[in-house]
Protein chains: 2
Amino acid sequence: MKLDQITAGVLEAIDGQGFVQKGAYNLRQNGQALCHGDSENIRIVRKEDKPGIDIFISGQTKGESVHIPVVVSASGMTDVVYNDFYIEDGADVLIVAGCGIHNDGDQESRHDGIHAFHVGSHANVKYEERHYGEGDGTGGRVLNPVTKIYVEEDSVFTLDTTQIKGVDSTVRETHVEMGEGSKLYVLEKLMTHGNQQAVSNMDIQLNGQESSAQIISRSVAKGTSTQVFHPKAIGNALCHAHVQCDSIIMDEAKISSIPEINANHVDAQIIHEAAIGRINSDQLIKLRTFGMTEEEAEAVIIEDFLK
Amino acid sequence: MKLDQITAGVLEAIDGQGFVQKGAYNLRQNGQALCHGDSENIRIVRKEDKPGIDIFISGQTKGESVHIPVVVSASGMTDVVYNDFYIEDGADVLIVAGCGIHNDGDQESRHDGIHAFHVGSHANVKYEERHYGEGDGTGGRVLNPVTKIYVEEDSVFTLDTTQIKGVDSTVRETHVEMGEGSKLYVLEKLMTHGNQQAVSNMDIQLNGQESSAQIISRSVAKGTSTQVFHPKAIGNALCHAHVQCDSIIMDEAKISSIPEINANHVDAQIIHEAAIGRINSDQLIKLRTFGMTEEEAEAVIIEDFLK
């Protein structure tokens, strides 16, 4: 079907792979499924009891992707959606999600995406999620994602999440439970500006022997925006976890980083590093000698930092 | 005056510099000042309104030390003491404190030392504190120190604190407010064994321009003991802070490290690093090839780690 210009524009921002109405996909717009498709290995079923979909990914899936973007363009709308992924043993899949809010009105527009990933053994799942806001209205653009990830034996889960810009308020909740030999990679990138507020809570339970987690969080706070990070890694078995949070603070912004590492087992090895500081002045000077203005140089450094 | 054998033994453990009844000193035993002395530059005055002393350190003090150890040897005693230090501009002083509990009984013995340091400008203060418990009784040995440090312009404050062993329960509260150009060095060393519990909360407010703080915390948890660390560095101005927590976990112990770094100013630069892991096995193997037993090798590594 033909998409309107606003929806097409928002999709371009939130789907880094390029959204097309082919293979397995589901486009949600203003609280409704606008169009959807299945593939041989990936089946999408609308929930009967609440808004949202169940996504069944067979063990035969190899290198396939499924796209489930959400667009909210109606001012004053609150859209809550529950998406559950059932990923069979041995599947290899890329899941591209994301939400963009276009708000031209004076009322708050909000999307709460509650995602659960039930991952079998020996699977490889990459989940890409982008959040974005735009529009000339005074109404707030609010995104409160909840992400629950249950990873069984020897599976690999990669969570690649980006808050691009334009999101006035976000509270992110991420909960992960890891089985034996499983691996988790998290890359969180977040930018706030104006008087935006962002909170990100992460709770990583390393329950299985030889499980490992690497969490990298990078953020930039501009204007009078505030950011609070609370990543928590809990080692309940022989396991490794490495949490690294780096933030650039600008203008009148405020950033709090409150990581928590808990070792409940003698063979749990957990490391955390966090740094908050202003933009690197050597890099700034170097770029300015190339003829860039201060603003241009800052933009380049920030883009590179969040890449 | 002549000290009894238990008091002399405890003093040897808690006063690393060697306690002598000379210069400025105050020995508190079982809730009473046992003996005390002033020096030309350091005056100790007993408080009238509550238990404890005021210690006045003149700006003329250069390289002098004051010793104020506390010994609790009566089982079932709760000793709460308020000590306030008034340190004049330009003073250079070493303050040696510490508390040892000898408990042969079946009742809990407890000491809460509430210390406040009012430090003028251009002063250099080193505060050494050792905590220690011993005795054959079943009664608990409890130490809950509260340390408040107010540092003015260009002063340097070093807090060197050690929980040696034998302390069944401790809740440590440390609060620091830092003026312009002031420097703080914290070295915290803590060992727990058996089913001991330790909590350490630290709150470092970097309020002055060019203030800086370096916090190093090292701990070893053995047996079924638990440790919780919550160091918090708050940058409210152009400042630097570096927080580093390293812990060795053994046996069935549990360790939580929950640092918090807050940047409330664009020129606040704050770094945190934390690591929890088991004893280095390469070091263990090397020491065992020298003929040490596993226990001996562990003891050497731990001693070195906490030095």
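This is a predicted model: local features need pLDDT of at least 70, side-chain atom pairs count only at pLDDT 80 or more; totals for chains, interfaces and linings use all residues.
**Strands in chain B.** I started with strand S12 of chain B, residues 156–165. Strand S9 (residues 124–134) runs parallel to S12(B), and nine bridges join the two. I looked up one pair here: B:Asn124 has B:Val156 as its bridge partner. S12(B) also pairs with strand S14 of chain B (residues 183–192), again in the parallel sense, over eight bridges. In that pairing I found B:Thr161 opposite B:Glu188.

UniProt, in an unreviewed entry, puts the domain "SUF system FeS cluster assembly SufBD core" at residues 87–305 of chain A. I get 10% helix and 61% strand over residues 87–305, with the end C-alpha atoms 33 Å apart.

**Interface.** I find 29 residues of chain B in contact with 29 residues of chain A. The two chains bury about 2200 Å² between them, 50% of it on carbon and sulfur atoms. B:Ile261, B:Val266 and B:Ile276 supply 24% of the area that chain B buries there, more than any other three residues.

I then checked the polar side: 13 residue pairs are in polar contact across the interface. Strands S19 (254–257), S20 (260–263) and S21 (268–277) of chain B each give two or more residues to the side touching chain A. S21(B) gives the most, with 10 residues. By type, that side of chain B has 15 nonpolar, eight polar and six charged residues.

Which salt bridges cross? I count two; one of them joins B:Arg278 to A:Asp267 at 2.5 Å, N to O.

Last, strand S20 of chain A (residues 254–257) pairs with S20(B) in the antiparallel sense over three bridges. There A:Ser256 is the bridge partner of B:Asn262.

Definitions and conventions: Residues are numbered from 1 along each chain as its sequence is written. Chains are lettered from A and ligands numbered from 1 in the order in which they are written. Side-chain values use heavy atoms; hydrogens and water are left out. Two strands pair if DSSP finds at least two bridges between them. Helices (H or I, at least four residues) and strands (E, at least two) are DSSP runs, numbered from the N terminus. UniProt positions are given in the numbering used here, feature names are shortened, and annotations may be inferred rather than shown by experiment. Contact means heavy atoms within 4.5 Å. Buried area is the accessible area (1.4 Å probe) that two parts lose on being put together, summed over both. A salt bridge is a side-chain nitrogen of Lys or Arg within 4 Å of a carboxyl oxygen of Asp or Glu. A polar contact is a pair of N or O atoms within 3.5 Å; within protein, one must be able to donate a hydrogen and the other to accept it, and residues adjacent in sequence count only if both atoms are side-chain atoms. Ala, Val, Leu, Ile, Met, Phe, Trp, Tyr, Cys and Pro count as nonpolar, Asp, Glu, Lys and Arg as charged, and the others, Gly among them, as polar.
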